[in-house]
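Hi there,

Here is the structure I promised to pass along. Have a look at it first, and then read on for what turned up.

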Amino acid sequence: MTYEEKGIWVYLVVAVGAYGTYLAIVLGQVTTVPIAGIDYVPALLWSIGASIVGAIVLRILVEILGPSDSYAADARDRDVKRAGDRLGFWPIIAGALGALVLSVVQAEYFWISNAIYLGFVASAVLSSVITLVLYRRGI
Amino acid sequence: MVKPTRITNAIRALRFANGEMTQADLAQRIGVTRQTVLAIEQGKYSPSLELAFQIARVFDVPLDEVFQYPEQS
């Protein structure tokens, strides 16, 4: 597995882990607090911050446990990444459109923020999965 | 989703004919990862024209001795 492919795995694991943790914290409040009263902002900011730090730490750990032959991306890495990003970009558009609709209907900030956040996470997951499939099946 | 390439290649045979050159050796000489050489050999990645010429130059053979494209039926 190349250095770049390992990086995609780390990105995928961290994105799913951080968003899963965020959802668990927020959904834990849904049954006891009205939507407008859910204190989701700290959890959202912490999950974004933790995913950045977590990705760096996990990336270092992965390389310590299994060093790569080379640390430079080559033409195939770039082609695969470009295709994965192109095919996995649409959830960001969907999230932005969803947030636009929600703001037009004057929905709670909770829904607008979460539509955007979900779009980013869904795009990260989709583009990572497509990229990993392209690494395995070929491009 | 992925359209398989019709390009075939003789890289594996050429490596063995050139002192059993390893994939890592070839990769190092053309500036890619070993996994990319493996993907090219297996037909999972079509290299750029420039990379294809670099591979042919390593083996000192014309391009069409490394890569073949079947006639349209």
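**What turned up in chain B and its partner**

Among the contacts in chain B between residues at least 6 apart in sequence, 56% join residues at least 24 apart. Please keep in mind throughout that this is a predicted model.

Let me stay with chain B for a moment. Chain B has five helices and two strands, and from the N terminus on its elements run β-α-α-α-α-α-β. Its C-alpha atoms fill a box of roughly 35 × 25 × 20 Å along the principal axes. A compact globule of 73 residues would have a radius of gyration near 11 Å, and chain B, with 12 Å, therefore agrees with that. Of the 73 residues in chain B, 23% are buried.

Next, the place where the two chains meet. Here 12 residues of chain B are in contact with 10 residues of chain A. On the chain B side, α3(B) gives the most, with four residues. Sorted by class, that side of chain B has five nonpolar, five polar and two charged residues.

Now for the nonpolar cores. Which residues have the most contacts inside the largest one? They are B:A27, B:I30, B:V37 and B:I40, in a core of 15 residues. Both chains contribute to this core: α5 (109–137) of chain A, along with α2 (23–30) and α3 (34–41) of chain B, each supply at least two residues. If you click on B:V37 and set aside its neighbours within four places in sequence, you will find it in contact with B:Q23, B:L26, B:A27 and B:V32. There is also a second, separate core of eight residues, and A:V14, A:A15, A:Y19 and A:Y22 are among them.

Finally, a helix pair in chain A. Helix α4 (residues 90–104) of chain A packs against α5(A) at an angle of about 170°, and their axes are 7 Å apart. Angles over 145 degrees count as roughly antiparallel, so α4(A) is roughly antiparallel to α5(A). The residues that meet there include A:P91, A:I92, A:A94 and A:L102 from α4(A), and A:W111, A:I112, A:F120 and A:L126 from α5(A). By class, the contact of these two helices has 14 nonpolar and five polar residues, with no charged residues.

Best wishes

Conventions:
Residues numbered from 1 in each chain as written. Chains lettered and ligands numbered in written order. Predicted model: local features only at pLDDT ≥ 70, side-chain atom pairs only at ≥ 80, totals over all residues. Core = buried A, V, L, I, M, F, W, Y, C linked by C-beta atoms within 7 Å. Buried ≥ 20, exposed ≤ 12 C-beta atoms within 10 Å, placed from the backbone. Contact = placed C-beta atoms within 7 Å. Rg over C-alpha atoms; globule rule 2.2 N^0.38 Å. Nonpolar A, V, L, I, M, F, W, Y, C, P; charged D, E, K, R; others polar. Axes fitted to C-alpha atoms, helices over the stretch in contact; angles between N-to-C directions. Parallel < 35°, antiparallel > 145°, perpendicular 65-115°, else oblique.
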